[in-house]
Amino acid sequence: MFRSRVVALFVKNNSKALNNLRGTTPSRVLNEESYRLFSTGATRKCLDGFRSFSKGNYVPSMRNMSTVASVGIGNKEGLKLLVNGGPHAQKMVGIWLFGSAAWVFSMVILGGITRLTRSGLSMTDWKFTGGLPPLSDEDWLLEFEKYKQSPEYKRVNQGMSIEDFKFIYWMEYAHRMWGRGLGIMFALPFSYFLRKGYITVQLGLRLSALFGLGAGQGLIGWWMVKSGLEEPASEYAQPRVSPYRLAAHLTSAFAIYCGLLWTGLSVVMPEPPSESLAWVHGAAKVKRLALPVSLLVGVTAVSGAFVAGNDAGHAFNTFPKMGDTWIPGDVFDMKPLIRNFFENTSTVQLDHRILATATLFSIGALWWSTRKFDIHPAVRSLIGSAVGMAGLQVTLGISTLLSYVPVELGTAHQAGALTLLTLMILLNHTLRRPSPSLLKSLPQVAKTI
């Protein structure tokens, strides 16, 4: 009897709002118009009663990943949004940030191709603003003569033709200009959104830091290339860039990518997907396991940069053993001991093998440990995707090693590392704790059909 009276009173006084709520799940956040209708304390109490009595249906789908509808209630109940201007502004800023992240992803892939084709040392000077490429035969001959003075030409590419030089020059030129294009593509929309008032102070500071780091990437890149233009210490050593500088360059690119992706997700999905308190508690359990696994994924990716910097992929092209042994005898030959982990080819490759194997088993253990948890379907799907990607990444790594690092497989392996990192970012972002306002509206368990 009490239930029927409450529902009748609610329908009578709030019929328009009820129409807006039809077909929604209990945890869906109200839009701005509905919020205004429910702004009085009495009506809120009535709404709470209605929520507890209503029999909603829950259909698991990836649509629940999106919580853009939280704009209306967010500013009034403590949820601090990163973008002003409502859902349209959120969508525009989100598309821009995801586009920027995709551009950085492509930059990493292009950088990998440039390194694998040994094109990175073809340009022997650098300008922050860039410049036009050689446009005449005389210009090409001038650039070629500069390259002939470099250690790489003298020790590796002696007798190279002008046509072969053009290929490696264009690869490096494209990589540099693609980076400058990213700067323009980021700065212009950023200025526009600032002028429109879409960017909050918090978001503005975060994006300014990412823009500064991106601008610094050009300097780090030249700092790296410059190390490869110096004469090697030994007359038998091939010229190559410093592994420390290459790792710094690649790690900075990964950091920019992760920052853009996380920020974009926070803009379009200010609340994590949550349909019940049970799923929130399950997500908290998963998060405690996912954070160290994500850290291991990042460390493994950085160790891959040292493999690239030391050309360690061209040594010990066997698996699972390294040559005829499990552990080479020279892994601790360098002094001091710490140098072996960053400069010793044997140790660097052994480290990467161990870290990659540990990553695969850790992600597998994450899946196994959480298989019986009461968690959102999106979380379960992301964990499964991470397991599959980790298996594929290890397979690509072994294939690349056994094939003596062909450009195609080496590039795919680098892309795989960033893809796996992407999945871990998505997982951790989805595992965030909801705002207090959303927690108050959640039922104990999700409604099922």
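This is a predicted model: local features need pLDDT of at least 70, side-chain atom pairs count only at pLDDT 80 or more; totals for chains, interfaces and linings use all residues.
Residues are numbered from 1 along each chain as its sequence is written, and side-chain values use heavy atoms, with hydrogens and water left out.

**Entry 1: E172 and R176.** I found a salt bridge between these two side chains, at 2.8 Å from N to O. The term stands for a side-chain nitrogen of Lys or Arg within 4 Å of a carboxyl oxygen of Asp or Glu. The two residues are four apart in helix α9 (residues 162–196), so about one helical turn separates them. Helices here are DSSP runs of H or I with at least four residues, numbered from the N terminus.

**Entry 2: the other bridges.** I counted nine salt bridges by this rule. In one of them, D125 pairs with K146, and the closest N and O atoms are 3.3 Å apart. D125 sits in the loop between α6 and α7 (137–148) while K146 is in helix α7, so the bridge ties together parts 21 residues apart in sequence. D125 is partly exposed at 36% relative accessibility, and K146 is partly exposed at 31%. I also see D125, E143 and K146 linked in a network of salt bridges.

E145 and K148 form a salt bridge too, at 3.5 Å from N to O. Both are in helix α7, three residues apart, about one turn of the helix. E145 has a relative accessible area of 40% and is partly exposed; K148, at 26%, is also partly exposed.

**Entry 3: T114.** I placed T114 in helix α6 (residues 86–116). Is T114 buried or exposed? T114 counts as buried because its relative accessibility is 3%. A polar atom of its side chain lies 2.8 Å from the backbone oxygen of L110. Leaving out residues up to four places away in sequence, T114 touches S119, G120, M171, E172 and H175 (contact means heavy atoms within 4.5 Å).

**Entry 4: annotated spans.** I checked the unreviewed UniProt entry, whose "transmembrane region" annotation covers spans including 177–195 and 289–309; such annotations may be inferred rather than shown by experiment. Residues 177–195 are 100% helix and 0% strand, with end C-alpha atoms 27 Å apart. Residues 289–309 are 100% helix and 0% strand, and their end C-alpha atoms lie 31 Å apart. Strands are DSSP runs of E with at least two residues.

Methods:
Buried means under 20% relative accessible area, exposed over 50%, partly exposed in between (1.4 Å probe, protein chains only). A polar contact is a pair of N or O atoms within 3.5 Å; within protein, one must be able to donate a hydrogen and the other to accept it, and residues adjacent in sequence count only if both atoms are side-chain atoms.
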